[in-house]
Amino acid sequence: ESKKSYVSSYHAAVIHAGLGEKDKAFEMLNEAADERSTLLVYLRKDPRLSSLRSDPRFQALVDRVGLPG
């Protein structure tokens with residue numbers, strides 16, 4: 001799909017998280033942050049990312065994006 005139109009890295013991160021590919025999920029979330037994706041406002045609440053929340057990289061990403069605690 002990304003060959004035809006824009007696909008947010010956030011969506012790719014959700015897929016990788018669901019597959020248990022945490023490193024790739026964080027890579028895609030950081031890319032989403034670089035893109036300034038508005039979907040990152042759901043970072044703390046999106047149940048599809050719950051497997052990532054215990055990882056220290058998650059809090060670092062939340063801090064980078066500037067979401068309130």
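Let me begin with charge: the protein chain carries 11 positive and 10 negative charges, and their mean positions lie 4 Å apart, where Lys and Arg count as positive, Asp and Glu as negative, and His and the chain ends are not counted, each charge being placed at NZ of Lys, CZ of Arg, CG of Asp or CD of Glu. Please keep in mind that this is a predicted model, in which local features need pLDDT of at least 70 and side-chain atom pairs count only at pLDDT 80 or more, while totals for chains, interfaces and linings use all residues. Residues are numbered from 1 along each chain as its sequence is written, and side-chain values use heavy atoms, with hydrogens and water left out.

Now to the fold. The protein chain has three helices and zero strands, where helices are DSSP runs of H or I with at least four residues, strands are runs of E with at least two, and both are numbered from the N terminus. Buried residues, meaning those under 20% relative accessible area with a 1.4 Å probe and protein chains only, make up 35% of the 69 residues in the protein chain.

Which helix holds A17? A17 is found in helix α1, which covers residues 9-18, and A17 is buried, with a relative accessible area of 7%. Leaving aside neighbours within four places in sequence, A17 is in contact with A25, R48, L49, S51 and L52, contact meaning heavy atoms within 4.5 Å. As for L39, which is 22 residues from A17 along the chain, the C-alpha atoms of the two are separated by 15 Å.

Technical notes: Buried means under 20% relative accessible area, exposed over 50%, partly exposed in between (1.4 Å probe, protein chains only).
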